[in-house]
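Please load the model in your viewer and keep the selection panel at hand. The stops below go from one chain to the interface between two.

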Amino acid sequence: MPPGTPGGTVSAAGLSRRWALGFLTPAMLLIGVFLAFPAVWTLYLGLTNFRLLGPQALHTKFIGAGNYQQALTGGDFLHSLYITVIYVLLSAVIGQCVLGFALAWVFRSWRGPLRRVLESLIIVAWIVPGSVVAFLWLAYLQGNIGPLTETGTLNTILGGIGVNWWLQWPMLSIVVFNIWRGTAFSMLLFGAAIQAIPPSYIETARVAGASSWQLLRDIVIPRSRGHILTNLLLISLWTFNDFTPYLLTGGGPGNQTQFLPVYIYQQAFDQGALGYGAAISTLVLLINLVIALAYMQILKERR
Amino acid sequence: MATTHPTPDPTPVSDTRWLVRALVARVQLYVFLALVAAFFALPMAWLVLSPFDSQPSLVAGLSHPTLGNFQDMFRNPAVITSLLNSVLLALGTMLVVVAAAALAAYALSRARVPGRNIILYVLLLFSSVVTGSAAMVPIFLLAYDLHLINTITGVILVLAGGLLPAAIFILKDFMDSTPASYEESARVFGAGPFQILRDIVVPLVRPGLAVIAVWTIVTVWGSFLTPFILLRDPTLTPASVQIYSFYSAGGTANLRLISTFGLLYTIPVVVMYLVVQNRYGFRFYGGLKR
């Protein structure tokens, strides 16, 4: 340990504070300008009627809480928030989490080539770029409306029942899509959690005659509680902020899948209402902040 | 053990019942796994088969095998340009992130920067809260004011800003676990901080730098929203946006082009993932994606 004289302290590696600050500068500058500043600036932008084009673009006015008033009373925002929460609950909190846990549990004692193939398949679904998987799912669930439109793989397998999933069941389709897309993360995280449980615990419980269900309830789930919470918060945050639904449905039909990121995009860039979009951004940032703080709290407790 | 039981051996009846129950459990397990396999494989099948079919439909299949789609695809200038743009974006962002993160992580690991734990905590908080979706409006306006709309540089800077906190966090872990004794002796021989960083620290933490580099490339390669918003000039769009415009433009989608382009654009990420997975396992990649 170096002698910690204040002022011109030099660490063991010979790095003075001045050099250290110099080394930190490029990263801090980038983070400050392109990550921190936008987050703060959007607070201000949300209080204006900022537009990029049209007569209002020339004289941007400070309109106080007008955007927030519009958001909270207009219905569109509340609808969007509501379906986003439903989407997160069904696809991430229930779908990805339960399927991921089930797979991790099945995989724990199963070695062999088939397991590796299945596991890789699930992981590949997670890492293929979003704009490619979006098209794969558009094609997969396509139904034949009119004589010219082709049918996708699923309807063909189901015997040509001709359901147009994206038009008739948009929410269900997008929930199933997101379970397909994101289960890998939960599976891998829970796999690590289950591996961390001492095998003797499980053996002892087995010898004592515990059923699989009792084993899960009394040993596995309590011992992986930290992992489960971590997983829930991360996948909720990611699903809440996912822009892929825009590539799948563009928010439609109507506004049935207009989740918050899609809503912001359409308000700000299609309608040109950048001030209103910024106000919605602020609300999303606040929700993200709540989720992230909860996550940080858990990380701290586990240290 | 049957001998330790006070009761007699189980009767044959309960024995078969146990067997049946075990068998049913097995069958249930296999049905579950078969359903899972179908659920994950079926949507993917189209991407694997259609590029090799001269008349692909929306149904996954291979009725007219060919390799001609690849030849045709390379005659499409938009494909080549967009792939080059993706390479440029990914490599550019990777260089910025690795360089800036290495400098910052070294400083945070070796010098007594006041409040460095709080700095890291706040940085990580920012990077998880300020997502592209939440901050698209201010990021667009910032790029507009800085004249960075329709520039690759603008996209690189925005993406780098978002990726840096996690990169610094991981690299600092790597640096903390390498001994400072080499650096001390180098300092005794009169090496300056830059020299020490370049000749001693960088070779020592090379695996960490490789992880950050691959992670950045994979993330940027697939990123859609930031280039979608900041690049409106079609000659600048990366592959992620280009492929979307191929199927969202209306009219009949060119399935030969989309499938072939999609496969070619996907392969690098899958290969890089497999390399990282085999070398470093889930620990690094898994916690970091997105």
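How many Å separate the centres of domain 1 of chain B and domain 2 of chain B, taken over C-alpha atoms? The separation of these centres is 37 Å. This is a predicted model, in which local features need pLDDT of at least 70 and side-chain atom pairs count only at pLDDT 80 or more, while totals for chains, interfaces and linings use all residues. Residues are numbered from 1 along each chain as its sequence is written, and chains are lettered from A and ligands numbered from 1 in the order in which they are written.

Select residues 10-66 of chain B for domain 1 and 78-285 for domain 2; such bounds come from an automatic or database domain assignment. Domain 1 of chain B puts 4 residues into the contact and domain 2 of chain B puts in 7 (contact: C-beta atoms, placed from the backbone, within 7 Å). The domain 1 side has 3 nonpolar, 1 polar and no charged residues (nonpolar: Ala, Val, Leu, Ile, Met, Phe, Trp, Tyr, Cys and Pro; charged: Asp, Glu, Lys and Arg; polar: the others, Gly among them).

Next, show both chains. Here 75 residues of chain B are in contact with 73 residues of chain A. On the chain B side, helix H1 (residues 12-49) gives the most, with 12 residues (helices: DSSP runs of H or I, at least four residues, numbered from the N terminus). That side of chain B comprises 57 nonpolar, 12 polar and 6 charged residues.

Conventions:
Contact = placed C-beta atoms within 7 Å. Helix = DSSP H or I, 4+ residues; strand = E, 2+ residues; numbered from the N terminus.
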